[in-house]
Amino acid sequence: MTVLDDRALGRATLARQLLLDRADVPVLDAVAHLGGLQAQEPQEPFTGLWSRLRAFDPAALDGLLTGRHVVRTHLMRRTVHLLTADDTLAWRARHDTMLRQKVLGTYRRELEGVDLAELAAAARAVLADGEPRSMPEVARILADRWPAPSPMALGEMAIAALVPVVQLPPRGLWRARSGVRYTPLTRWLGREVAPSAPEGSDPVGEALVRRYLAAFGPAASADLRAWCGLAGLPAAVAALRGELVAFRDERGRELLDLPDAPRPDPGTPAPVRFLPAFDNAILGYHDRGRIIDDVHRGLSVAGARVVLVDGRVAATWTVDAGTVQVTPLRGFSRAERAAVTEEGQGLASFLSENDSERVRIVPST
């Protein structure tokens with residue numbers, strides 16, 4: 001079985017994630033291809049798409065949000081993701097159990113004795129009038145019936161697990177500052193969530209495997225689980241095994257992939273890319289060694305924005321008053337410094353709407 005080293009896997013990831021070459025595709029197609037973008041920080045997907053698409057216009061994403069073609073909702077790993085409406089409706093039921101278990105993992109004692117079916121029905125009734133509400137508002141109403149659990153426990157279970165909802169614009173629009181208000185997913189989209197599959201079949205699970213490998217492969221089953229948060233996909237992987245190809249990484253793990261998916265030569269040049277906080281190009285794997293050194297792994301879960309140099313995390317970045325500040329994690333060569341500066345100037349211009357191209361690279365210590 002062919003062994004793929006971290007450099008080969010990294011180049012495959014960059015190609016699948018539209019980071020090796022910026023793609024000339026519509027924003028909706030990019031969001032679909034990526035299987036959504038992690039989006040608990042509402043402005044971060046704009047940077048993620050700018051780094052992946054040629055001539056990305058934030059107004060295009062705004063239009064998709066207000067036009068109800070993409071939505072912000074809790075799904076993979078119970079984190080807020082930006083997803084196409086079609087994928088959200090198709091995938092939501094398959095994630096129901098995981099979403100409940102994730103909330104119970106935090107609030108099990110507080111929610112002990114609460115009938116979750118009754119709580120779900122009560123939450124739907126609260127939201128049935130079509131009035132957008134925040135999670136605390138919903139929780140305060142539910143607390144009249146369930147006074148023992150904390151409002152946080154009730155709100156998280158109702159809004160982040162039991163009732164499919166969306167975060168309404170202007171939350172998530174370009175340069176907008178807005179609180180989080182929710183409305184039922186089906187009311188917002190005017191369509192119903194796809195029902196769960198009959199016992200013994202898992203078409204959504206199989207679709208998730210294919211979509212994950214298209215955007216993240218080659219990858220191990222543990223990587224797939226790290227991306228979506230679902231533990232019950234071995235049967236789906238087994239059902240598809242005959243149409244997949246297998247490799248091994250340097251750690252001996254079996255990696256699966258779609259046979260015709262891009263796996264560039266490891267020597268393919270990789271351009272500098274600025275990634276937003278919590279980008280799935282890093283978080284979408286259990287083993288992130290293909291793109292980030294273990295010593296820096298904590299950055300990816302702490303919400304640091306990172307810079308890829310030669311395909312790997314080599315710096316963090318922030319922006320203040322129109323200046324993109326880069327803090328290297330290792331020394332840069334003269335050519336790398338020039339490339340980081342050039343890409344950073346483009347990012348500064350994008351984030352400031354052409355008002356600044358200022359970049360500062362913090363001197364290495």
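This is a predicted model: local features need pLDDT of at least 70, side-chain atom pairs count only at pLDDT 80 or more; totals for chains, interfaces and linings use all residues.
Strands of a sheet pair through backbone hydrogen bonds, and they may do so in either a parallel or an antiparallel manner.

These two strands belong to an open sheet of five strands, arranged in the order β9-β10-β11-β12-β13, in which the pairing is mixed. The edges of the sheet are formed by β9 (273–275) and β13 (358–361), each of which pairs on one side only. From one strand to the next, the twist averages 30°.

Helix α15, covering residues 334–351, lies across β9, β10, β11, β12 (323–328) and β13, and the helix runs at about 140° to β13.

Elsewhere in the chain numbering, the reader can turn to a pair of helices, α6 (residues 116–127) and α8 (residues 151–162), whose axes come within 10 Å and cross at roughly 80°. Angles from 65 to 115 degrees count as roughly perpendicular, and α6 and α8 are therefore roughly perpendicular to each other. On the α6 side, the residues that meet α8 are L116, L119, A120, A123, R124 and L127, while α8 contributes L154, M157, A158, I159 and L162.

Conventions. Residues are numbered from 1 along each chain as its sequence is written. Side-chain values use heavy atoms; hydrogens and water are left out. Two strands pair if DSSP finds at least two bridges between them. Helices (H or I, at least four residues) and strands (E, at least two) are DSSP runs, numbered from the N terminus. Axes are lines fitted to C-alpha atoms, for helices over the stretch in contact, and angles run from 0 to 180 degrees between N-to-C directions. Contact means heavy atoms within 4.5 Å. Angles under 35 degrees count as roughly parallel, over 145 as roughly antiparallel, 65 to 115 as roughly perpendicular and the rest as oblique.
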